[in-house]
Amino acid sequence: MAKKISFNVVFASDEDNSFPASELNNHGPTVHGWRSSASSSLNTHDIILRFHQPAKIYRIQLLAHQYLIPEKVELWLHYSPKSMPSTPSSQYFDFLGFVALADNSNTNYKSRELQSVTVTPRRGTHLKLRLIGAQCNELNQTGQISLLAVNILGEDLDVGNGNGEDQQQQQQLCSSSSSDTAPLDTATGELALASICDDLLFSMYVEESIVHYIRELEMRKTQAVNAERFEYARKLKLCMTALRTAGERLGRYSLAKRQAVQQEDFTTAKLRKEQMEMYRSTVLKQLQVQQLLETQGIETCNDQSCEIYAGGKPSLPPAPSLQDVAHALADAALSPKSQSHQDDKSSTDGSLGQTSNESVITTTTTTAATPLVPTATFSTHVANAGGWRKSHDELPQSPRLPSRHSSPMSSRQGSLRRRNKSVPRNSYEDYEERAIPTLRHSNTNEFLRECQGNALLEADPNRGRSRLNDRERRQAALPILVFGNELVEQFYSRQFQDREDGLMRLRNFLKEQELMESAETNSNEHAASPNKVARSAALLLHRAVRDAVYSVFNQATETVRVMFLEYVPGRVSPSEVARCVDRLLPELLAKSGDPSARLHTLAQHTILSIAACPEVAEQHLVAPALSRSVGSGTHQRLAMSRLQMLEQLVNTQGISTDKHSGLTCRALSECGCSGIHHPAEPVRKVAERIILIVYKMNPRLVRKQLPPDDDITRRNLLYRQLFTEFDKIDLERKQELMEESNKYVVAVGHSSSDATTSHMDKASTSSDASRLMMKSKSGHGPGLASSNGYNSCNGKQQYNEQLKRSMLSASNSRKGSASNSESTEDNTPKIHCPFCDWSCSGNDASQLDRHYWKTCPFLTKCPQCSQVLEVAALNYHLTTECDAKDSYVVCTRCTESVHKQLYELHQMEDYCRELKTGAARCPLCHDDVHLPQDGGWKLHLLSTGGCPGNTRKKNMKKPN
């Protein structure tokens, strides 16, 4: 099996005086490694290693520096028997290959790269490392390179006595490449190592003394397996695993000690040294390493199960902090004085006798042998003292290390009832060996102590309130400045009654508006701006909203509502309001998904109260967080709460056109469509209601979010119910349009009084019919410009149907007005165009459709999708409704719709000029249309000298 090959560095092209090449001879956490000289001009650096004896090489490991990284490292191997002289000039190296190293920029130059190269088994006595180039980075301005460690794994060769046969054999081995294969581990397929300590990853980060113990334990494990002592082998394996973890921690301590020595902080270095000794002795004692090594011979207790190794990997004792080490040194310094005082007292007292003297002598001997035993000096009540700096890896005190005030009952590890330690423990014995609360402290009475504590709390309510530590003071610096230290301590108290009182005091503070204003003007103690008060309150409420006690959470939500509904309006700036909402809203949303009904209901009510604040509603701070898509993996309660709150916001605030509001048709439809795919049925029901609300405003957009309405889609029960509701809404909309048109026909029939005003009634009827059609479509008057003429919600098919329906209603109104008149004209039925006063005899509706399609001068055909629409709406249609709307843009100068490829040429034309106030731009002739809402478009399109670009005006026939 492969093992570590020992070597010495015999040559280096250059080196830094502080980082010599001899550092590569050893491995450990405190090794510096080799580094090239800063003033060196060499681009290639050679390092030659000589093995202690010839060896067969299987693997070479290189550990690079974190930022002084070479570009590549070449490996050269040389073999020369001991009987042959070897000088640098006579050595011939065989090239094995090279290793390319990464620049380490992805780790921000904080990690080290370990390269393990498996080579074909070769014999050798010297290894040459040729480091070429340097990786340039911001931390390596001088072009230096470094190598922290080199490890060679292989097997030693048996060398003869130097006779001619041995020399000839070695030369043959050197000249011919070996066909041997490296020993592999059958379980992992990797190189089989004689010891885990031979790996560079192990030896560079584990402290040297622990490595020595692990090597001895590995030898014992091999012997135990051969002797079939499997329980003993299992303990040794677990002990080695735990020792490796402890060795890595000791390695970090040794690095800290070396750093303290370099900084000439010898006090810290001394504490680090004693800390290492304390932790090492504690670990070895708890893991029973000396017992497992069996230095006195075979011990039968190792073949029996024990408590430490019964549950798998044994637990390590907590590392002592520098405070514990300092107290241990102080106690060790005081112990000789107390013992000398006891000696003097015992010598003067004649009644003690020889027994007392023997006990004193025994104690003195033990103390002198181990002056710094950590288990005798650990203290738990001084762990928070501020006299010494805490260790960076300080852990809580372990119950295995008894404190200064621990009693024999608390430090006892086993039970007197359990005599046979080899028998495995069961749940009953675990239950029986629990520490009884009444006997946890043998010299005190638990009930009496609780009664005394309650009496002290009743006498002084502030006695049980914990003081703020440094970290909490830094967090609550602004609230302490605004509200005072006492109120903030109530929020950080461990007693929920104190937290409730603090919330009530904060709520009263926010409610007293007159007192706050007078304090701002007359007093300097509470002269805090409303922004600071709101920010401080949000910091405290952020902590209170997360409280697990319901009464505290109830008070916190009430305070949040008071803050946003009473204090914030008219006082706090919008940016500060947004900051407060961003701090509180995520916690309230998380509470809204709580399974408890009273918690999530209270959280929903609080969020809706925040959304009702005018400053919050103006900035749209709540709705975007609620209208995000609901994933199928979202918890049912959380998804349902979000959708219910979103539905309530839509009902109270309505659907908005601001794209940042979160209440637009698109945002609501996307949220609803994601909600109907949730696995929970209550969530799907709420999502369906949101979709139906949006469908009443924008049916085209909602249908685009859903699959096509066909027989295959309606096979799904969910979509069938949804599309059925859509059909009901469409039917109601059609009935409303028909009722409006019928009401208008009746009104026009009563208004026509005689036959002499028949022609005027025709014009007004057609104009009013077209205006009625425009109102039912977009909500505006007739002839609006492209920017506000139509709503993008309607599609081509729906628009054509409404246009035809309004035109037919206008023609029917003409019939009614003609029949009610008392003129002597012919009663032949006629069809009239509501736009251009065109008419024809008969009841054939196809003639009117043909007129719309070809000859009506008021209408035109879209050049992209061939849809028939009004000339006034062509610009708006090309940029918002047309299928090719992505290819058109609105000109910023003349407001016309222009193709993107022709935009630059369009701005160079003469007709691209600024639009006059109150006018509209004709897309056919590019002239201004004055008074577009008061008949301007009709005058421009139908008059003789009107629009010169209207080709339909030439084909227009005179009305019959």
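Modeller: Helices here are DSSP runs of H or I with at least four residues, numbered from the N terminus. Keep in mind that the model is predicted. With that in hand, Tyr 205 sits in the loop between helix H2 (200-203) and helix H3 (208-226).

Biologist: Why is Tyr 205 called partly exposed?

Modeller: Its relative accessibility is 34%. Buried needs under 20% and exposed needs over 50%, so a value in between is partly exposed.

Biologist: What makes Asp 46 and Arg 130 a salt bridge?

Modeller: The N to O distance is 3.1 Å, and the cut-off is 4 Å, so the pair qualifies. Asp 46 belongs to strand S4 (residues 44-64) and Arg 130 to strand S7 (residues 114-132), so the bridge ties together parts 84 residues apart in sequence.

Biologist: Asp 46: buried or exposed?

Modeller: Buried, at 17% relative accessibility, because the limit is under 20%. Arg 130, at 22%, counts as partly exposed.

Biologist: How do you know that Glu 725 and Lys 728 pair up too?

Modeller: Their side chains meet at 3.9 Å, N to O, which is within 4 Å, so the pair counts as a salt bridge. Both are in helix H28 (residues 717-751), and being three residues apart they are separated by about one helical turn. Glu 725 is partly exposed at 31%, and so is Lys 728 at 46%.

Biologist: Which residues does Arg 733 link up with in a network of salt bridges?

Modeller: Arg 703, Asp 709, Arg 714, Asp 727 and Asp 730. The contact between Arg 733 and Asp 730 is 3.2 Å, N to O, and these two lie three residues apart in helix H28. For the whole structure, the search gives 26 salt bridges.

Biologist: And how many disulfides does the search find?

Modeller: Zero in the whole structure. Take Cys 306: the nearest cysteine sulfur, from Cys 301, is 8.5 Å away. Cys 306 is buried at 16%, and Cys 580 is buried at 3%.

Biologist: Last one: what makes Arg 543 part of a positive patch?

Modeller: Arg 543, in helix H17 (residues 530-545), has 32% relative accessibility. Patch members need over 30% and no salt bridge, with like charges joined within 9 Å. Arg 543 gathers on the surface with Arg 471, Arg 474 and Arg 546.

Note on methods: Residues numbered from 1 in each chain as written. Predicted model: local features only at pLDDT ≥ 70, side-chain atom pairs only at ≥ 80, totals over all residues. Heavy atoms only, no water. Buried < 20%, exposed > 50% of the residue type's maximum accessible area, 1.4 Å probe, protein only. Disulfide = S-S within 2.5 Å. Patch = residues over 30% accessible without salt bridge, like charges linked within 9 Å, V, L, I, M, F, W, Y side chains within 5 Å. Areas by Shrake-Rupley, 256 points an atom, 1.4 Å probe, with all protein chains shown as cover. Lys, Arg positive; Asp, Glu negative; His and termini not counted. Charge placed at Lys NZ, Arg CZ, Asp CG, Glu CD.
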